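Please take the points in order, as each picks out a place to look.

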Amino acid sequence: YVGQNLNILDMCSGTGGPAMAITDHLATKLRSITTILTDLIPMEDKWRVIASNHAHMAYCTQSVDATNVNLSAVFENLSGKTPPKGTQHTNLRTIFGALHHFKPAAIISILSDVMTSNDDFMSVELTQRHSLHRFVFLVFGQCLFIPLLVFSLVKYYLFDHRELSTVQRVMYVLLVLVSTPLYMTAFIHDGIVSYARSYREQEIRDMVQMALVKAGKNNDDYQWKIW
């Protein structure tokens, strides 16, 4: 994309994810770039702050279904930086860390919609169903830091929060101690489910082939790289 005019349509953006850092990096290498944050449930309050602090960021104020993107409606409901008009742009759709939330039929629809619009597509996943060591590192490894967090919170409420009464400080400490096991259980459960729902490389390739058929394309029309 070096030297091109690029529009990044970030789908399932949530609170913004890595789109900001990627956009800031690419802005130094491309002729122009605009990253548009979208989601089925727009988070306009958070996106408004992001767009105000990043010169190349915009967001769609309307709900965007990743399986059936209405590009005209997206560009008509932009807030923040808008792509320059009258220039030829390449549209790149991205999904960061959310593809495993979709069922195969939905992924096929996402990919076929991309190809029908002749857009580019990139998805990045941290989870891998066959990678047990990464699962242990990310999920249980991060849990090792929980005791440090608990210790710092207890210290903060007991000793640093002097404006609170003794009863209030004790109640806050009890709340931290009671909620920590619940948080750890939810965190581990979410990690297990995310890894279990991740797709293997061959499964992605199979869905790409079905999406090609659905979009009426062939292997010469699109080059897919999966690793």
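**Notes on the predicted model**

1. Let us begin with a pair of charged residues: Arg93 and Asp119 join their side chains in a salt bridge, 3.0 Å from N to O. Arg93 belongs to strand S5 (residues 90–96), while Asp119 sits in the loop between helix H4 (104–116) and strand S6 (120–124), so the pair ties together parts that are 26 residues apart in sequence. A salt bridge here is a side-chain nitrogen of Lys or Arg within 4 Å of a carboxyl oxygen of Asp or Glu. Both Arg93 and Asp119 are buried. The accessibility classes are: buried, under 20% relative accessible area; exposed, over 50%; partly exposed, in between (1.4 Å probe, protein chains only).

2. A word on what you are viewing. This is a predicted model, in which local features need pLDDT of at least 70 and side-chain atom pairs count only at pLDDT 80 or more, while totals for chains, interfaces and linings use all residues. Residues are numbered from 1 along each chain as its sequence is written, and side-chain values use heavy atoms, with hydrogens and water left out.

3. How many salt bridges are there by this rule? The count is five. One of them links Asp45 and Arg48, with 3.2 Å from N to O. These two residues are both in helix H2 (residues 44–53), three residues apart, about one turn of the helix. Asp45 is exposed at 58% relative accessibility, whereas Arg48 is partly exposed at 41%.

4. Now turn to helix H8 (residues 201–215), which holds both Arg205 and Glu201, four residues apart, about one turn of the helix. Their salt bridge has its closest N and O atoms 2.9 Å apart.

5. You will find Thr35 in strand S2 (residues 32–37), buried with a relative accessible area of 0%. The side chain of Thr35 makes a polar contact of 2.5 Å with that of Thr23. A polar contact is a pair of N or O atoms within 3.5 Å; within protein, one must be able to donate a hydrogen and the other to accept it, and residues adjacent in sequence count only if both atoms are side-chain atoms. Beyond its neighbours within four places in sequence, Thr35 is in contact (heavy atoms within 4.5 Å) with Ile8, Asp10, Ala19, Thr23, His56, Met57 and Ala58.

6. Finally, step back to the whole protein. There are eight helices and six strands, taken as DSSP runs (helices H or I, at least four residues; strands E, at least two) and numbered from the N terminus. Their order from the N terminus is β-α-β-α-β-α-β-β-α-β-α-α-α-α. The C-alpha atoms fill a box of roughly 70 × 40 × 30 Å along the principal axes. Buried residues account for 38% of the 227 residues. Of the contacts between residues at least 6 apart in sequence, 70% join residues at least 24 apart.
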